Amino acid sequence: MSQTSTPFLRGLSLFIGWLADRRIPTTLRPFVLGTFARFTGADASEAALDAKGYSSVSAFFVRRLKEGARPLDADGRALVSPCDGKIQAVTKIERGVILQAKGRPYTVDEILGEPVPELEGGVAWTIYLGPRDYHRVHTPFDARLEHVRWLPGARYSVQPKVLAKRLKVLSINERAVLRLGTEFGHAYLVLVGALNVGRIRVVGVEHGTTPAAPLDRPRGSELGRFELGSTVVLLLPPGVATPIEGLVPETQVRLGRPIGRFEKASDGPSEETR
């Protein structure tokens with residue numbers, strides 16, 4: 001597969017996005033959305049609204065959850081997951097390289113679209129969001145959204161079986177790179193687009209732009225969302241946090257639950273996500 005197929009995949013993504021946006025008659029919504037939930041494995045009981053409250057498949061896909069559905073770990077030293085999904089890789093950043101599925105190397109420069117030498121020796125978590133997952137992404141620590149770099153690219157599938165092949169999807173797919181200012185320096189969170197993901201949204205930022213001034217994002221607040229499945233890569237500088245044991249590929253994680261432990265307790269408040 002090569003990037004020459006990008007126009008077809010982009011067209012397919014846009015068509016599926018258009019189809020998912022079509023309004024569903026109110027009386028048919030329980031059937032259509034119930035079928036979608038059963039097909040994908042999504043838990044409709046967690047949704048903030050009942051089926052009739054979602055006018056389209058897209059609206060259901062980016063559903064908010066009931067209050068308290070994703071409580072944040074109260075431990076101030078817990079680095080919590082920014083999203084629901086499955087672990088693709090957890091790896092130390094060495095010589096500017098992040099290892100992915102089956103040892104496939106990606107450089108930090110490739111993924112972020114610029115060199116960030118201060119990440120050397122840090123840690124990267126890669127999480128795949130499937131169609132069943134809650135598709136809003138939240139900040140795992142108190143931060144300021146300082147900059148968003150929008151990188152155009154392809155829309156190849158980011159399913160684990162694709163990432164295990166030779167194609168370096170994460171560095172060629174469309175993505176939004178969020179630079180987060182924190183008490184421990186700069187962290188980066190990358191929203192990677194994928195097949196059928198026609199839209200990546202960043203809260204408070206128009207597509208293609210960056211904040212005129214830093215935006216406060218307390219721990220647990222929403223950063224952005226995907227419209228259909230994709231991938232999040234979280235990169236922290238050295239000496240900040242250690243991954244918890246057992247985060248092997250395919251481990252299911254949930255927003256708000258620990259994926260690491262900070263070297264020192266955070267002074268930030270603990271909040272519940274919606």
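Because the model is predicted, local features need pLDDT of at least 70 and side-chain atom pairs count only at pLDDT 80 or more, while totals for chains, interfaces and linings use all residues. Residues are numbered from 1 along each chain as its sequence is written, and side-chain values use heavy atoms, with hydrogens and water left out.

Eight strands form an open sheet in the order β12-β8-β9-β10-β14-β6-β3-β16, with antiparallel pairing. Helices (H or I, at least four residues) and strands (E, at least two) are DSSP runs numbered from the N terminus, and two strands are said to pair if DSSP finds at least two bridges between them. At the edges lie β12 (215-217) and β16 (252-253), each of which pairs on one side only.

Strand β9 (residues 175-182) has seven of its eight residues buried, so it is largely enclosed by the rest of the structure; buried here means under 20% relative accessible area, exposed means over 50%, and partly exposed lies in between (1.4 Å probe, protein chains only). On to β10, the antiparallel pairing with β9 extends over eight bridges, and the two strands form a hairpin with two residues between them. Valine 177 stands opposite valine 190 in β10, and valine 190 in turn stands opposite valine 233 in β14. Five bridges join strand β10 (residues 185-192) to strand β14 (residues 230-236), again in the antiparallel sense.

The next strand, β6, pairs with β14 over seven bridges and is joined to strand β3 (residues 85-92) by six, also antiparallel. Isoleucine 127 of β6 is the bridge partner of isoleucine 87, and its partner in β14 is valine 232. Seven of the seven residues of β6 are buried, so the strand is largely enclosed by the rest of the structure. Val123, Trp125, Ile127 and Leu129 point one way from β6, whereas Ala124, Thr126 and Tyr128 point the other way. Threonine 126, in β6 (residues 123-129), counts as buried because its relative accessibility is 1%. Leaving aside neighbours within four places in sequence, threonine 126 is in contact (heavy atoms within 4.5 Å) with residues including Lys86, Gln100, Leu170 and Val233.

A nonpolar core is a set of buried Ala, Val, Leu, Ile, Met, Phe, Trp, Tyr and Cys residues joined through side-chain atoms within 4.5 Å. The largest has 33 residues, of which Leu79, Trp125, Phe141, Leu191, Val202 and Leu236 touch the most other members. Among the elements that give two or more residues to this core are β6, β8, β9, β10 and β14. A second, separate core of 17 residues includes Ile98, Tyr188, Val192 and Val233.

Phenylalanine 15 is found in helix α1 (residues 6-21) and is partly exposed, with a relative accessible area of 46%.
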